[in-house]
Amino acid sequence: MAAVQKLPQRGRLIPLCFLLAVLWEVGAGQMHYSVPEEIDKGSFVGDIAKDLGLEPLALSERGVRIVSRGRTQLFALNPRSGSLVTADRIDREELCAQSVRCLVNFNILLEDKLNIYSVEVEITDINDNAPRFGVEELELKISETTTPGFRIPLKSAHDADVGENALQKYELNPNDHFSLDVRSGVDGNKHPELVLELALDREEKAVHHLVLVALDGGSPVRSGTSRIRVTVLDANDNAPIFTQPEYRVSVPENMPVGTRILTVTATDTDEGYNAQVTYFQEKNPGETSEVFELESTSGDITITKSLDFEDAEVHEIDIEAQDGPGLLTRTKVIVTVLDVNDNAPEFYMTSATSSIPEDCPPGTIIALFNVHDRDSGQNAFITCSLPENLPFKLERSVDNYHRLVTTRALDREQFSFYNVTVTAKDGGKPSLSTDAYILLQVADINDNPPTFPHMSYSAYIPENNPKGASIISVEAHDPDSDDNAHITYSLTEDTLQGAPLSSYISINSDTGIVYALRSFDYEQFQDLQLWLTAWDNGNPPLSSNVSLSIFVLDQNDNAPEILYPALPTDGSTGVELAPRSAEPGYLVTKVVAVDRDSGQNAWLSYRLLKASEPGLFAVGLHTGEVRTARALLDRDALKQSLVVAVQDHGQPPLSATVTLTVAVADSIPDVLADLGSIRTPGDPDDSDLTLYLVVAVAAVSCVFLAFVIVLLALRLRRWHASRLLQASGGGLVGVPASHFVGVDGVPAFLQTYSHEVSLTADSRESHVIFPQPNYADTLISQESCEKKDFLSAPQSLLEDKGEETFSQQAPPNTDWRFSQAQRPGTSGSQNGDETGTWPNNQFDTEMLQAMILASASEAADGSSTLGGGAGTMGLSARYGPQFTLQHVPDYRQNVYIPGSNATLTNAAGKRDGKAPAGGNGNKKKSGKKEKK
């Protein structure tokens, strides 16, 4: 392919035609063009679009551009025509100096596919430089004895052009004595010589002026002149001669400045002044004369400037040797610069990407760069490498171009960026290397859903919590970045007891804190099962779920509920039936209660809070069973009222009470008959009788107190006498100790009296019965049923017959203290000391006073007996012999001993629901005798 370019008018219009040949080498991928130097800027060089097979408008679309290595851009692309044009004026001599061919190499880059094409443009020479001599005037001295035919070398001219435009010939102005002869050297250069044609005669003409003209072969022809001044001297017929016609030396480029590299030597066969040789270095245009220095007397050549193989591989030095009179000879020194590995590889980054998505496929091109080493040979052989374990590799292209491509998929969560170090290493010894750094950011894509650190969560919240209380805080993590890592929390829609779950629970979408929207009730539900969802803000968004179990903790907010006995709805009072023949432990009823709470808050305990007859009934602590604590007696009231308390174990504990009415009867008709016979007296005299009764009880109490004091004094005296008898070896050795009952260590004859105050409904007057004292539980004989009044007997009788009487009596029950549960009133229903206390309610006090008054009346009545038999207490006269002590209430626990904290009790009898052994035996025998 050829193109014709017209040269611009310079002085006058000279049409010149240059054939621009462009060769497309398919195998090498290289395009060749040629262009003359000094053409105008924007001149056509070649049709790049056509050679690439593209349309002109497609060049800009595919991003075609010129890539060159660190030099001034000489060419440019015309985007409209698709042609290669000059970017500025081109000076061939500046680019290539004296080189025969001047080639400019660069690359064409197609950015869309990152294809590289090599372009080579040859700069053709034009005759734009005239020959020039090193000196404008040359002075020669010739002896007059010089014979014709003598040759004198002249200064050569230098033409920067090459080829036909270079120096072609020399011309000398016409004269009679000299002619010009041109010789071609080994290097092809033409060297003029002045030839003496006619002998000189100094006397005729001492100085000859000549003009030497140097002509090139360009069109138009350019020339240069040098004036020659020839001075005729006397005889010096021998010029200096060099030892070598041409000197060659090789010097490494790192040779230090000041080093002598060569010594030239010229000899002159003349003698004296005519044989003194002086060396001169011919000054040629260029830098060679500045690199080396020639010693004029010795001929030593030294380095004055650092050598650089990359700037010039060969240096030529023209040296002249001149003797004293002025004869000279010429030689040439060729200095070859040897390359050393003094240049590290250089990077030229053509294209690079700063960010790449993490989902890019393997083989994605990251960067395109060129590596160049200014050295030559093995020193310029470059190898590029990457660190290990990186997801990248290098692909080599043409002209030391390399691509950096990915080898596998990237993961930003593992490495958010890569600082890729590309190392270029040459083949020198030692080798030099250069590192290039490519910072690559890995752009995030939403490829990771939020994750919770736990598979499931559990939270606990007490019931009755305030609205808006924080329950738990959950947090999910997303390894992505920016919006892809921004997490939003939500609840999965569900229902609980027919209501949406969002009405119970809410979650802060930003913080993940779960709040309670209402106060929870453990009795309604114990736990909530829900799902939490964490969403990121990616496109598309990703999510993950986690289960949350919220357990409601029970609080003691419900008092026990009594299921049985339930309050009747008709306003009546429920009655439980207890037969009088019930044994101790008989199940009367059972209190059934429940607590809506759970755990310890629902543990219930039962206790008897209040009873009309303390000690008669007991309540199971954990079962709530109401059982008889002892056998029922005839004196026990028909209607027993019990208050049972049910208490849970919460903090604080809550309780509930229920009142039980127990009817003591064998059957329902008996209950109705007894209740119908009881009516309230309407006689106003009843109040007077009550007053008299109170006065009598007070009087009897005083008498009984005096009796107890006298009895204690007698017992102390008897005890003192027995101690004396024991000391003397006699006395009451045979008397059993169990026949005495002592209080706080003092023996005493105490009688237990049972009294009854009956108000009959069939009489307008109240009857107060004072039975005889009962000795069944004290000192009465087991065999005797006779009526004796030990209280009215004289002291001497007690002392003389005491041994005989006591030996016939049953041993008393030693356990005569009441337990805490058997004591009347509140003392029997509360925990406390085992020692007795004085009755603390009005009813018990009145009954005790009536008992004391009755005992005192019987003791004072001389005709009264001991009640018609043991165990009857004088009641047989009214009710018949079948009425025994089992029908009469026992108030022995109400006897208080002044000065002591003890109360007489029959604990064993109370616990078993039976009378003591001795007493029961007497009662049974007495009953049989009464029947007989």
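Does Cys96 count as buried or exposed, and at what relative accessibility is that so? What places Cys96 in its class? At 14% relative accessibility, Cys96 counts as buried.The model is predicted: local features need pLDDT of at least 70, side-chain atom pairs count only at pLDDT 80 or more, and totals for chains, interfaces and linings use all residues. Residues are numbered from 1 along each chain as its sequence is written, and side-chain values use heavy atoms, with hydrogens and water left out.

**Cysteines**

Buried means under 20% relative accessible area, exposed over 50%, and partly exposed in between (1.4 Å probe, protein chains only).

| Cysteine | Relative accessible area | Class |
|---|---|---|
| Cys96 | 14% | buried |
| Cys102 | 0% | buried |
| Cys384 | 19% | buried |
| Cys702 | 54% | exposed |

A disulfide is a covalent bond between the sulfur atoms of two cysteines. Here the term is applied to a pair of cysteine sulfur atoms within 2.5 Å. The structure holds one disulfide. Its partners are Cys96 and Cys102, with an S to S distance of 1.9 Å. The disulfide is right-handed because the torsion about the S-S bond of Cys96 and Cys102 is about 65 degrees.

**A hairpin**

Strands are DSSP runs (E, at least two residues), numbered from the N terminus. Two strands pair if DSSP finds at least two bridges between them. Strand S33 covers residues 392-396 and strand S34 covers residues 401-406; five bridges join them in the antiparallel sense. Lys393 has Val405 in S34 as its bridge partner. The hairpin of S33 and S34 has four residues between the strands, and Asp399 takes a positive phi near 55 degrees in this hairpin.
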